[in-house]
Amino acid sequence: MKAYSISALTGLAILGGAPLLAQTAEQALADPDATAQGDVSVTIYNNGHALVQDVRQLSIAAGRSRIEFPDVSARIRPETLSFAAAGVGIVEQNFDFDLLTPTKLMEKAIGQTITLIRTNPATGAETRERATVLSTSGGVVVKIGDRIEVLRDDGLPVRAIFDRVPTNLRARPTLSVTVDSTRAGTRPASIRYLTPSLGWSADYVALFDEEKGTVDMQGWVTLTNQTGTTFHNADTLLVAGSPGSNGYDRGRRSPPPPPGRNSSMVPGTQTADRERLGDFYLYPLSERTTIANNQTKQVSFLDVQSVPARRRYQRTVDWLTNDDRSINVASQVQFGTSREQGLGDALPAGAVRFYQRDAEGNPQFIGENSIGHTPMGSELTLRTGDAFDVLVLAEVVDREKITASEYEKSARYRVIENGEVTREIEVEEAKTFWRTTMRYTITNAKPTAVEVELVQGGLYRGWWSRDYRVISEDVAGRSVGLDRREWTVPVAANSKREVTVTFETRY
């Protein structure tokens, strides 16, 4: 037989009738939706933090007294608390986060006497015994009369009855504040604090119509509450941005990363028609909502149709790539967020999931990607996956060393003795170039023509490598920065096309 673990007793403990300071345990357990919260406002940030403001009507005695605020976040940062009430000054505050659970009850009962009730499964007869709890480390050890017993998991129904609820256990997270009031009476009292483990991100549903060249975009706010507390009927404001937390990142829910390889965002310069707070955008929810603990909630904030979009194919080839097989190109969807293109909004960071209708008109999932915070007027190119029918084979056709006719003085040294230059030394080194011919074979098995954005990367190897040239190319290209050259290559339906480019480089 194995000994009961503390967690095994969770379903067996029942409570006596001792009242808590604010509400009885029976009331707290009988009505899990009951709350002592007042008028609650929650401001939620992308970095997994939230600002909670709670205004309650409280009867406050004159002089020094203790006020309790149950139902605050179990992850509250007590050092961020602000308390305000007319004619009241704060003296001391405490946060009681030892919550009332069967496990905690048993731990707090060490050295105390409880009642164990065993039920005979054959007869239903109950046997009651008084037991002193000795230990809960690795199991529950009790003393019954003159014997020491370890509660065993032998399948027999066992209940533990406690005479009282420990005063330092709370049915819900509770903040207590000692105040000094100039007068007695009922008045509004507000608390304001920061809490981690309550954050949000954006999720986008994009229905792509390739034939029409449009995308319908829906945006959803996804709230996640892991604070240990439900916020009831809260006025909720979302802030798109991540204010600094001074290294305090416990419970942080980071937004999705920006687009990865074969995806890009060209930032726009338009200002969205939304309320701003400093450098952040505000997204207020239109109605009050209850944000339950351990719940993910979604609320719509964007719904636009017929935003111009197009399918795009791309492959980036590293320098001197010599494929042994053809590689599927990236399939991308490109669209803009400008006002002129119909979307006309800034997009908070989140995941974008693309759908496309099949022959029967049913939307089917075709891939997803993520975006960072995207200003209005930006151009987004997001990879949805790899194209089945469009492939590129990159080959090094020829590579030879060519030596310049001149030598370059690449280093000069001066020898100084007793503060005077006694002699100078010059070193000459041949400047060597390479002539490399690359061939890119693009195959298209689709019944329609496509354009492939072909990119040769790896052209920049440091300051010494800037002197490179493209001496011939079948398709006119364009240089993008120091490292890349790009070509837009049209390929007819059910055909292939070869593109040959010759480079002269220092490497």
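Author: Terms first. Buried means under 20% relative accessible area, exposed means over 50%, and partly exposed is in between (1.4 Å probe, protein chains only). This is a predicted model: local features need pLDDT of at least 70, side-chain atom pairs count only at pLDDT 80 or more, and totals for chains, interfaces and linings use all residues. Residues are numbered from 1 along each chain as its sequence is written, and side-chain values use heavy atoms, with hydrogens and water left out.

Reader: Fine. How many salt bridges does the structure hold?
Author: There are 24. A salt bridge here is a side-chain nitrogen of Lys or Arg within 4 Å of a carboxyl oxygen of Asp or Glu.

Reader: Why would such side chains pair at all?
Author: Side chains of opposite charge can pair when their charged atoms come close.

Reader: Start with Glu129. Which residue forms a salt bridge with it?
Author: Arg147 does, and the closest N and O atoms are 3.0 Å apart. Arg147 lies in strand E10 (residues 147-150) and Glu129 in strand E8 (residues 126-135), so the pair ties together parts 18 residues apart in sequence. Strands are DSSP runs of at least two residues, labelled E and numbered from the N terminus.

Reader: Is Glu129 buried or partly exposed?
Author: Partly exposed, at 22% relative accessibility. Arg147 is partly exposed too, at 38%.

Reader: What does Arg130 meet?
Author: Asp163, in a salt bridge of 3.0 Å, N to O. This pair links distant parts of the chain, 33 residues apart: Arg130 is in strand E8, and Asp163 is in the loop between strand E11 (158-161) and strand E12 (174-181). Back to Glu129 for a moment: salt bridges that share partners join Glu129 with Arg118, Arg147 and Glu149 into one network.

Reader: And how accessible are Asp163 and Arg130?
Author: Asp163 has a relative accessible area of 47%, so it counts as partly exposed. Arg130 is partly exposed at 43%.

Reader: Now Asp39. Which residue is its partner?
Author: Arg288, with the closest N and O atoms 2.8 Å apart. The two are 249 residues apart: Asp39 is in strand E2 (residues 39-45), Arg288 in the loop between strand E19 (280-284) and strand E20 (289-291). Asp39 is partly exposed at 42%, and Arg288 is partly exposed at 38%.

Reader: Switching topic. Where is Pro196?
Author: In strand E13 (residues 185-196). Pro196 has a relative accessible area of 0%, so it is buried.

Reader: How far is Pro196 from Ser73?
Author: They are 9.0 Å apart in space, C-alpha to C-alpha, and 123 residues apart in sequence.

Note on methods:
Helices (H or I, at least four residues) and strands (E, at least two) are DSSP runs, numbered from the N terminus.
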